[in-house]
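Thanks for coming. I have one structure to go through today, and I will keep to a few local features. Please have a look at it before I start.

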Amino acid sequence: MIRMTEPSKITSQSVPDHQPAAGGIAARARASVGPKYLSGLNPEQREAVETLDGPVLVLAGAGTGKTRVLTTRIAHILSQGRARPGEILSVTFTNKAAREMKHRLGQMLGHAVEGMPWLGTFHSIGGRILRTHAELAQLKSNFTVLDVDDQVRLLKQLLQAENIDDKRWPARMLAGLIDGWKNRGLMPSQVPSGEAAMFANGKGGKLYTSYQERLKILNAADFGDLLLENIRIFREHPDILRQYQQRFKFILVDEYQDTNVAQYLWLRLLSQAPSSFTSPRLRGEVDLRSKSGEGDSPQTELLDPDPLSASETRRDPASGAREPKGPTKNICCVGDDDQSIYGWRGAEVDNILRFDHDFPGAKVIRLERNYRSTGHILAAASHLIAHNEGRLGKTLRTEDQDGEKVTVTGSWDSEEEARGIGEEIEQLQRQGEKLNEIAILVRASYQMREFEDRFVTLGLPYRVIGGPRFYERAEIRDALAYLRVINSPADDLAFERIVNTPKRGLGDATVQMLHDHARKRRIPLFEAARAVVETDELKPKARGSLRDLVAQFDRWRAQREVTAHTDLAQIVLDESGYTEMWQKDRSADAAGRLENLKELVRSMEEFENLQGFLEHIALVMDRDGGSEEDAVSLMTLHSAKGLEFDNVFLPGWEEGLFPSQRTLDEQGRAGLEEERRLGHVGLTRARRRAKIYFATNRRIHGTWSTTIPSRFLDELPAANVEITESKGGSAWGGTGGYGASRFDDMEAFGSSYSTPGWQRAQANRNRGQGGRGGGSRGGFEEEASSFSSSSSSPDFGSFSSRRRGPLTIEGELVAKSTGTTSEFSLSDRVFHQKFGYGHVTKIDGNKLTIAFDKAGEKKVVDSFVQRA
């Protein structure tokens, strides 16, 4: 019954604000209209967009539309009037991702995106806050942000001031340590003593302190400071922290699984609701009351859980009174624990795994509907990653068709692998596939060289993503410069590049003098150097160094006539001091550069002489297609994150390479799980086809090694995988003595025995007939080979259609285990194609330790040597 009130009795009280009642006519009518930006979202995506209150974790699998969710969520906040553009903090990891979000928001909202000053990367936003409060960090607002080269130069100065040998303790190594400490939120006083002792006999901590003091004097900061100084200011000045806590009504974080400890601390401080004091201890913060180095490792200290649960109270540090723990703000983190692959640079997957503990009452929304890959690819990727224990769990699914199965292909060696992939790419191209939609994802950068060479031979355009092409790397260019001067003494550009590499005390003034002399006499730079060393124009030390260099080139040029070009290259790298330079370098990339140099020497074996090799390099270096050119993409798995292609090739799935043996040795099970996540990322880059390859033989550290297929292959679901034959020649010959595999039961197929590995073995046999006998294991007898493990009549030239045992040649395993007995004896004189003559000093099964006359002591497999 509706009551009526006489007009004269109506009071003049103000009318309260009206909000449509939940479930009422107005609310339902309003929902039916709905903003256009919500159209096209699936139910999970829409829930992630519309859940605005409290902490939210969006577990977004590969290809599930996380960027759309983030941008649409911002648009929804703005359109609902929940916050103004300047009250939203949205952080990403890359400038590219930030630009993409701004572009999409611009399309949705128009000019509103221009008023979002707090949408950017962690470092760009941290830098803005630091410039606003620079005086609290003993800086001026116009401070300079140093790049890596400037950091190294400054640290070199500090090392010299402390009389520390910068060759034994390189500045670049110290820069890496300091960067790691800053990524973990550690100020100089917080570095554990055990870690500080790792550099310069315990001076690491003191140098870190001196470095920070020097930065203040120079009015400069490095990238680590942009967040570290923010954290310090927030802790020491609670009033400033409250300003930003009150400013940001909503916080959004992209790629949360890749955050490091410093980024985590920064977010935790900003995401707490404004209160009268700063929380005394957050997970990830070192307890300054305890002495570093006592008991737990630094990593354990850093990952201590927050000691206060949601129901507990905090004690005010000033008064000692206990206060209720403040609620968290409206924070939404988007990430995928299955794609956390950057642990080697400080990322903590634990941040996303513990989200519901760090933010009590958090709502977890899983985006599992994939819009990228076909059913078989998703099933394979999901089955692989399910073997990880440290994950929150989700299963990707698609409404698309199943498509082609994931293929697994074995090859005899890495050369056949490259050739087979090259032929598959050509076949795809003939079928109308664009090269831009084809990618090769490798685990290690040195794998790229064989693909680059193969593509040049085939005339296939390619681009290297995330780094220079193999022959464009600095260490490769340096090595090639030495070889170019040997081949052509008139190559001034090459000589100038290496005249002081490694350091010989020949600076710019010396080089300028050589140029002046060469121009006056119209002679090459090398000949000018030969003439100048006979004069007194240079100081004695420089003159001596230059004279030695000229004499070295004369000697190498003479050796060229009697020494194999591969041996000559190794001699040049060793005698010039170039290899030693990188051996003494303690930077993170030094090991990779040494590996690339070994790969360069190995690549020369395919050419008859030095001249032919250098001509080939000229062809490789000459191709310089534009960025818009249709070309195959070649990159590491780490560089592929965020990219997608119709066709993805994944070579090198072998134990030791993938998963990486170094990662397993250094990180154990955690490292194995990160390697498995890397495999998951590789598979989910593919839209329509994913093709995995492995080789039975691969040269590692300059020596041919027999490898076994990656354990990850047996973690793929058999129903979604197809075994195929290599298109590069004869494929893998069965289990090779590594035990039964469920992939072994294949149909028979023929073999042409035309692979380079087979041809090299035949050539070795022919050369070694006299020394080891016609029926010896020094070569392979095609007439006598049987590829059937149990048959009274051998089936020559084909694989048995039955389940096979180990691949045998003349009744012995090709990949012999260390338990077999070698026919060689101690002190036997032998010959090796690369290392030359030597004598056996130790025998371990089929592995020989040989003291070579020129190459020194090496470990080789006996099948690669013959009696001298």
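Leaving aside neighbours within four places in sequence, which residues is E675 in contact with? Before I answer, the ground rules. This is a predicted model, in which local features need pLDDT of at least 70 and side-chain atom pairs count only at pLDDT 80 or more, while totals for chains, interfaces and linings use all residues. Residues are numbered from 1 along each chain as its sequence is written, and side-chain values use heavy atoms, with hydrogens and water left out.

Now the answer. With contact taken as heavy atoms within 4.5 Å, E675 touches R443, F658, P659, S660, T663 and F712. E675 itself belongs to helix 28, residues 661-683. Helices here are DSSP runs of H or I with at least four residues, strands are runs of E with at least two, and both are numbered from the N terminus. The relative accessibility of E675 is 2%, so this glutamate counts as buried. For that term, buried means under 20% relative accessible area, exposed means over 50%, and partly exposed is in between, using a 1.4 Å probe and protein chains only.

F658 and P659 are joined by a cis peptide bond, with omega about 10°. P659 sits in the loop between strand 15 (645-650) and helix 28. Another cis bond links T501 to P502, and there omega is about 0°. P502 is in the loop that runs between helix 20 (492-498) and helix 21 (508-521).

Next, backbone angles. A200 is not a glycine, yet its phi is positive, near 50°. Its place is the loop between helix 8 (193-196) and helix 9 (204-217), and it counts as buried because its relative accessibility is 4%. N219 also has a positive phi, near 55°, and is a residue other than glycine. N219 lies between helix 9 and strand 5 (220-221), in the loop. With a relative accessible area of 15%, N219 is buried.

Last, helix 19. Why call helix 19 largely enclosed by the rest of the structure? Because eleven of its 14 residues are buried. Among them are E475, D478, Y482 and N487.
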